[in-house]
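Please view the sequence and the model together while reading the points below.

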Amino acid sequence: LNGGTLLPGFIEGHCHVEGLGKLASQVDLRGLRRLEEALDRIREWARGNPGGWIQGWGWDQNLWESWTFPGASDLDAVTGDRPASLRRVDGHALWANGAALRAAGIQDATPDPPGGRILRDARGHATGILLDNAMELVESKIPPPAPEQREAWIRQGLKALQRLGFTSACDMGGDAVTLETYRRLAASNALPI
């Protein structure tokens with residue numbers, strides 16, 4: 001190797017391949033410095049992706065000038081009656097609009113689920129921010145994707161890992177559909193890693 005270094009292929013030991021692929025089909029809110037920037041990006045994404053739930057990820061109120069959590073009313077102004085569900089950058093908080101809260105049946109008196117919390121304002125009104133297990137109240141109402149969509153996300157996730165130099169990955173989010181997808185891709189020699 002003439003003094004060079006030889007390393008084995010990079011192996012991702014714990015990843016969610018389908019989730020990685022799915023991220024590309026959602027509104028990306030990473031690194032934005034103001035709530036208004038996030039709302040502009042959501043509005044723009046919704047215009048280009050009509051119909052269905054608005055899903056996104058990556059917002060972080062700690063980067064914003066206000067340092068405060070956003071609310072459902074902020075989202076309602078740019079999403080109207082179309083449900084919206086946006087995960088925080090760390091995955092432990094969800095920002096939902098009024099339509100998503102209604103779809104989940106979340107009202108001011110809705111109790112916090114075990115291991116989760118519905119944030120409320122000083123008057124006890126649900127703000128649209130759900131923490132940890134409370135996120136499932138909204139996410140369980142999002143219609144499941146078709147198997148073809150899930151396969152497309154798995155392919156996108158695998159290709160993203162390949163671009164980063166990974167030669168194999170341990171997918172920790174598998175179910176029967178995921179396993180069958182991998183088997184089908186392997187049988188057709190279509191696994192990039």
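A crossing of two helices is called right-handed if the near helix is turned clockwise from the far one by less than a right angle, and left-handed if it is turned anticlockwise. In this predicted model, the crossing of α6 and α7 is right-handed.

**Helices α6 and α7**
- Helix α6 spans residues 147-163 and helix α7 spans residues 176-187; they pack at an angle of about 65°, and their axes lie 10 Å apart.
- On the α6 side, the contact is made by Arg150, Glu151, Ile154, Arg155 and Leu158.
- On the α7 side, Val177, Thr178, Thr181, Tyr182, Arg184 and Leu185 take part.
- By residue class, the contact of α6 with α7 comprises five nonpolar, four charged and two polar residues.

- Gln61 lies in the loop between β3 (54-59) and α3 (72-79).
- Gln61 counts as buried because its relative accessibility is 6%, the cut-off being under 20%.
- Leaving aside residues up to four places away in sequence, Gln61 touches Trp67, Thr68, Phe69 and Arg88.
- With Arg88, the side chain of Gln61 also forms a polar contact of 2.6 Å.

**Cysteines**
- A search of the whole structure finds zero disulfides.
- Cys15 is in no disulfide, and the nearest cysteine sulfur, that of Cys170, is 7.4 Å away; a disulfide requires sulfur atoms within 2.5 Å.
- Cys15 is buried, at 9% relative accessibility, whereas Cys170 is partly exposed, with a relative accessible area of 37%.

Notes. Residues are numbered from 1 along each chain as its sequence is written. This is a predicted model: local features need pLDDT of at least 70, side-chain atom pairs count only at pLDDT 80 or more; totals for chains, interfaces and linings use all residues. Side-chain values use heavy atoms; hydrogens and water are left out. Buried means under 20% relative accessible area, exposed over 50%, partly exposed in between (1.4 Å probe, protein chains only). Helices (H or I, at least four residues) and strands (E, at least two) are DSSP runs, numbered from the N terminus. A polar contact is a pair of N or O atoms within 3.5 Å; within protein, one must be able to donate a hydrogen and the other to accept it, and residues adjacent in sequence count only if both atoms are side-chain atoms. Contact means heavy atoms within 4.5 Å. Axes are lines fitted to C-alpha atoms, for helices over the stretch in contact, and angles run from 0 to 180 degrees between N-to-C directions. Ala, Val, Leu, Ile, Met, Phe, Trp, Tyr, Cys and Pro count as nonpolar, Asp, Glu, Lys and Arg as charged, and the others, Gly among them, as polar.
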